[in-house]
Amino acid sequence: MIDRNEILSVLSRYDLKKISIATLCSHSSLQIFHGAKREGFRTVGICLADRVKYYQAFPEAFPDELVVIDNYKDILDDRVQEQLIGLNSIIIAHGSFVEYVGSKNILDLFYVPMYGNRLVLEWEGDREKQFKWFEKAGLNFPRIFRSPDEIDTYAFVKVYGARGGRGYFKVSSREDFYKKLDEKIKAGLIGENEKLVIQEFVAGVRYYPHYFYSQIYSRGLKLSKGGLELLSIDKRIEPIDEVYRGYPDIIPDYLDYTVTGNQPVVVRESFLPQILDMGVKLVESSIELFPPGLIGPFCIETVYNPRKGFMVFEVSARIVAGTNLYPEGSPYTPYLFREPMSTGKRIAMDIRVALEKGIISSLIY
Amino acid sequence: MIDRNEILSVLSRYDLKKISIATLCSHSSLQIFHGAKREGFRTVGICLADRVKYYQAFPEAFPDELVVIDNYKDILDDRVQEQLIGLNSIIIAHGSFVEYVGSKNILDLFYVPMYGNRLVLEWEGDREKQFKWFEKAGLNFPRIFRSPDEIDTYAFVKVYGARGGRGYFKVSSREDFYKKLDEKIKAGLIGENEKLVIQEFVAGVRYYPHYFYSQIYSRGLKLSKGGLELLSIDKRIEPIDEVYRGYPDIIPDYLDYTVTGNQPVVVRESFLPQILDMGVKLVESSIELFPPGLIGPFCIETVYNPRKGFMVFEVSARIVAGTNLYPEGSPYTPYLFREPMSTGKRIAMDIRVALEKGIISSLIY
Amino acid sequence: MIDRNEILSVLSRYDLKKISIATLCSHSSLQIFHGAKREGFRTVGICLADRVKYYQAFPEAFPDELVVIDNYKDILDDRVQEQLIGLNSIIIAHGSFVEYVGSKNILDLFYVPMYGNRLVLEWEGDREKQFKWFEKAGLNFPRIFRSPDEIDTYAFVKVYGARGGRGYFKVSSREDFYKKLDEKIKAGLIGENEKLVIQEFVAGVRYYPHYFYSQIYSRGLKLSKGGLELLSIDKRIEPIDEVYRGYPDIIPDYLDYTVTGNQPVVVRESFLPQILDMGVKLVESSIELFPPGLIGPFCIETVYNPRKGFMVFEVSARIVAGTNLYPEGSPYTPYLFREPMSTGKRIAMDIRVALEKGIISSLIY
């Protein structure tokens, strides 16, 4: 694992008056570029050669500089990393960046300064560690079955690396687990010996609140260090969400949890304290587990069950694609900011204020 | 019941240059405070002690003054009421305010000037009276079964005091009614001798249009007195709305109608005349039934059935939580106003214009 | 069919400094008028007499001039057409305009200058031709069964003239087809000898992307001629979308595909290249099939199937009602424009720029 001091030494050679905000052209990059431009930053897009023209179709979010690559692994090449460093780039890592480059590769081989705390990759990417984090935070989360033999009720099965929901399935028993796993392997959706996580199935309404935590500047809930803002909430749209329109026989195509898009939602105002509390718990435990803990945007994937309240399924310790609904602000941001505010712009604002205060290194690993 | 003259006499002692807009910190209060601030009003939040910090997390909607209480019934205390009066408060009553304080208590014991016509509480809170109102208005609404013995088709059962949908259930027969009622009572969701309303079940798509009626100033549809605006529309999100993702066996947790949040929608433009007409009918009949009738925001809970058209289930004679989707305006408000407009801000605008015209008492009871 | 030169000859008598933007008061007319006003145009509403007051309820979208009619066929009257011409009107044809006046009538009898390429009516209105267009464009679309006897899997049955989804139904077999068709005819939803289209049923999530193609001025994806913008995306709301809330026995009312409204959505950013590509293919093939091809707004009705990707069901070669969600812009327009931008306003901008460049005739047929 690259030591933080090594990264900060790269940062120390940056021209802080010419910082660029850089990310991979995918996931939430339009929002990130758009927000960074609005905050006055130069932007750098790492872009697959055949995708450039599609990003040109959105000129107000098109990066000022392009680093064109042929495949995602090129991001680890010295040539690419040096080019990014030469542009004084601060990388914003979104879900696709982490998935395509790989957590371990980022930790071991990617030495360009990144916004946020790189250590979170270990706690987010490893589902065992993620559940330890939830325990430490005191969050309510569904029971985990360590082995298929432990399955004693309806359960939900996920692959380890998120993968946007592809290959997920629900099961009613141990037998059902093996039967469906076999089908998924045969369909090429899950690898032969792939690590899986089996969680108790919890009924309820899904809500994905988008938080922003900053020790630099915050308009939100005051914590011992910094503050926590609730920027927005979404609900994800998966093929299963239209299963009621189909026939049982052709349901296989609908029994799919790939996240295809998002829709905007708000929650009852009386749920906001619980939602904020979940965020607080996650932030405070993160500071203990991997100091300085969470930095910037994160999302908690919840289900609201009428008997159990909010149950936590997963955390995404970075900007999530659901924030793409709100490039000019959400139903919550007007209560925090007078100007239009997206999560992408909020990240850029965090960096801008840190630069102004001369403490940019505190946001970087 | 407190006489309106008594309330107006309290108002007459107000310093009209220093009016505050006050409400209970819950339901739609962020929107109400945010809108009132934008219209230049001082704001007063009646807030449970342990909720203050969560409201501080939204500084652009945080009230200028706080009246901290330990439980909702404190609102009726003279100390609290005098404090509100001392701040020249006009109370905006939202659904949680009415539910927690109680309609009867508001009518008999709460003497702080409130925006709107307090008499509507009697017509809205009593479901029998609400149906009389619908009949008078000539609205289409589902058949009511006066007793479980009358149930001759699929029906929907609700408790009397709304309660955010908690404890509601649908039944297929008289027998099914008694069986499910028993379950709900055992689960503590419905009281032993609680009053219930049994309505015919009508299939269709739910739409909740949000109206604003004003005799002070209106940009909307001209009526004999005043005008009616359609400000926005939402659809509510309840656990039942994800039932298709589950298993029949664990469905009990999904068979729940608690309103957990809202999503934004628009209707086909050719439905707007019908939607406006429903609002007109409700306003005009309200003027006859309890003059001066409805004042300000209200919502009609409808289902669009492809054979029957719009069927009305309920009316909420005040700001509804679905308007929380639109703190900066909805897909309809740009057709009414050039500036960003929420229902919360629209209320404050109504009060501001009435103050400017010297007729604030016409909005108060 | 009226020759284009005849229309251009009408246009040549227009006072180009006093162009009006005109449409029928229905469908998306509020958005069209609102956008045209924002771009500085005079607006003309063709309005049923009993609908005028409902349009007055939206003053910022109320047309400057009204042409009042008693029924839709009056639009073809010389009196109405001359009145529109006298006001230097450019007609924006939306779905209701086409449905109520009739494609053939528009082509043969309506001589007022219209925005866009009238020839598209032939390719859009005739489903056989539409599928030929899809084939030419190389789009993925579900198999078509030329006769009920060909039905060998689940299928979806539509009437020819869109009709907002009314009367559509899905079938599991040839027998099921005849049984359900009979029911629909008896219910008066489908005519005795009405032309139908039978498509293979494809499971997945519906997405309706809204495009804008212009050879006059475009901020979007550069094509050989002009550019293509993705302005927004919606999902339609039909009674079937709440079928899970009901009982099988009363399901008939839910088994209805009438479009009642729309909800806002975004797709994963990595789907945008595919979505833009579908638009490009449709535009480029349209230029070959009916030059100058598509002009202005259009929508592709898609389903995202996890195995097959995006499948195309239909194209609407004009402004669709789903754009009504975004009168001040969508989650995509801030990446294209710095100002609030609706599809209605985008049309007006296209006309304005064409007028400024002296090439308005290129947008007209």
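This chat goes through a predicted model with chains A and B.

User: How should I read the labels, and what counts in a predicted model?
Analyst: Residues are numbered from 1 along each chain as its sequence is written, and chains are lettered from A, with ligands numbered from 1, in the order in which they are written. Local features need pLDDT of at least 70 and side-chain atom pairs count only at pLDDT 80 or more, while totals for chains, interfaces and linings use all residues.

User: How many residues does the contact take from each chain?
Analyst: Chain B gives 40 residues and chain A gives 38 residues. Contact here is C-beta atoms, placed from the backbone, within 7 Å.

User: Which element gives the most on the chain B side?
Analyst: That is β12(B), with four residues. Strands are DSSP runs of E, at least two residues, and helices are runs of H or I, at least four, numbered from the N terminus.

User: What does β12(B) pair with in chain A?
Analyst: Strand β13 (residues 266-267) of chain A is joined to β12(B) by two bridges, and they run antiparallel. Pairing needs at least two DSSP bridges between the strands. V266(A) has N262(B) as its bridge partner.

User: New topic: what is the strand order in the open sheet of chain A?
Analyst: The four strands go β3-β2-β1-β4, with parallel pairing.

User: Why do β3 and β4 of chain A each have a side without a neighbour?
Analyst: Both stand at the edges with a single partner strand each, so one side of each is left without a neighbour in the sheet.

User: And how many bridges join β1 to β2 in chain A?
Analyst: Five, between residues 20-24 and residues 42-48. A22(A) stands opposite V44(A) in β2(A).

Note on methods
Two residues are in contact if their C-beta atoms, placed from the backbone, lie within 7 Å.
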